[in-house]
Amino acid sequence: MKRPSAETLYYALSFALRMPTWVVMAVYLVRTLHLSPLQLVLMGTAMEGAVFLFEVPTGVVADTYSRRLSLIVGYLGMGTAWVAVGFVSTPWIVIVLWALWGISYTFTSGAEEAWLADEAGAERAGRIFLRAARYGQAGAVLGLLLQVAVGVASLRAGVVLGGVFTIACGLACIGLMEEHGFKRRPREERRSPFHEMRATAGAGARYARAAPVIVLLVAVGVFAGMSSEGFDRLKEAHFLRDVGLPAVGHLSPIVWFGVFYLVGMAFGFVGTTYLIRRFERDGSETISTALLGCVVVELGAMVAFAMAWSAWAAIAALLGVFLARDLADPLYTIWLNEQITDSSVRATVFSISGQADAIGQSAGGPVLGVIGNVWGIRAALLAGASALVPAAALFARAISRHSREPELEELPQATS
């Protein structure tokens, strides 16, 4: 059987991996398991704490041994943890399972981007990342429709279906994914596994520290993580407990949230199409300024969402956050990837960026959860939005620094 090209497989994975939708999981946690605001945030904090601890070690695995193996382990682990959440009812078990999901996620973080850059070529990766975002949005639409249809009958079954999608990706990679661009060092040059991983981790850390723009982008991840944690865990609860849902028909909450996500995905698809055309016309020079604009829009939309007293105002703000994030994610990936000219540490540097996001979410999550329990969900959302202010300032600093610096020179490969 002829295996698909790296670009084709990456598009397919981008489509399938976005099919699991958080909306069914969120309604399940609030309506079926009755998790409190603090428990909802602690669920995310446990996941991000696991990401913080394992992000760089698993990134080193991808850079030292195999991107393909790392992705297979990650997809199978993520899917299994997601499925397991659908079979339990005890909050602390859910929190533990989500931490296991986070550990599995770290095997994919950085490894996806590094695998594509190696197999398709770093010079083509930017265009592929943007196009893959559109495939991801299409997959999210299909997954949303399927999970919501199942979730209306059974929330537990809807949650389980989301995990099955990710397990299927892991199984597909076993049979379809090839790895030609990544080369391990010759056996005679290797030492112990621990030494190999330590050498790769050290090379990746030195590379990141030597590049000021990478340092600034990593710092952005800390504040962006702080901001996203409260919004991601509390937005559904904000509708269900504070704002309410539109009084139109007799639609269940899961259907309403499905509609919100569906409209948001449509906006994201249109916005990403515009970015692709602009990127192909103007090149990478437009990425940094577009990314800063997305952060400013997200900040304003998050504040409006927290302060909204009507359902329609909250919906408009919610869609603004969705759009800003859908556009910002591939732009950030492209900008960071362009700063990494040494393939041997690519996954590790991406993992360092992911670890920064995990630090922000782990540190900010419990604080926002306490704020939500004591002063209410609105206060927690506002506190989370405020973390985007320093993130925007750091992006502006990175743009200024990037415009004054010559292209990075390639750092030496990790050696024993």
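Helices (H or I, at least four residues) and strands (E, at least two) are DSSP runs, numbered from the N terminus. The expected span of a helix is 1.5 Å times one less than its number of residues.

The structure is a predicted model, in which local features need pLDDT of at least 70 and side-chain atom pairs count only at pLDDT 80 or more, while totals for chains, interfaces and linings use all residues. Residues are numbered from 1 along each chain as its sequence is written, and side-chain values use heavy atoms, with hydrogens and water left out.

**Confidence**

The predictor's confidence in each residue is given as pLDDT, from 0 to 100. For the protein the mean is 81, and 86% of the residues reach 70 or more. Helix α4 (residues 67-85) has the highest confidence, at a mean of 94, and helix α9 (residues 193-210) the lowest, at 59. Where pLDDT is low, the predicted coordinates should not be read in detail.

**Helix α7**

Helix α7 spans residues 122-153, 32 residues in total. From its first C-alpha to its last it reaches 45 Å, close to the expected 46 Å. A kink of about 30° is centred on isoleucine 128; the bend at a residue is the angle between axes fitted to the seven residues ending there and the seven starting there.

**Buried residues**

A residue is called buried under 20% relative accessible area, exposed over 50%, and partly exposed in between (1.4 Å probe, protein chains only).

| Residue | Relative accessible area |
|---|---|
| Valine 159 | 1% |
| Serine 70 | 1% |
| Cysteine 169 | 4% |
| Cysteine 173 | 0% |

Valine 159 belongs to helix α8 (residues 155-176). Leaving aside residues up to four places away in sequence, valine 159 touches Val24, Met25, Tyr28, Trp82, Gly86 and Gln147. Valine 24 is 135 residues away from valine 159 in sequence, yet the two are 6.3 Å apart in space, C-alpha to C-alpha.

Serine 70 lies in helix α4. Its side chain reaches the backbone oxygen of phenylalanine 107 at 2.5 Å.

**Cysteines**

A disulfide is counted when two cysteine sulfur atoms lie within 2.5 Å, and the structure holds 0 disulfides. Cysteine 169 is in no disulfide, its nearest cysteine sulfur being that of cysteine 173, 6.8 Å away. Cysteine 173 is likewise in no disulfide, and the cysteine sulfur nearest to it is that of cysteine 169.

How values were computed:
Contact = heavy atoms within 4.5 Å. Polar contact = N/O pair within 3.5 Å; in protein donor to acceptor, adjacent residues only side chain to side chain.
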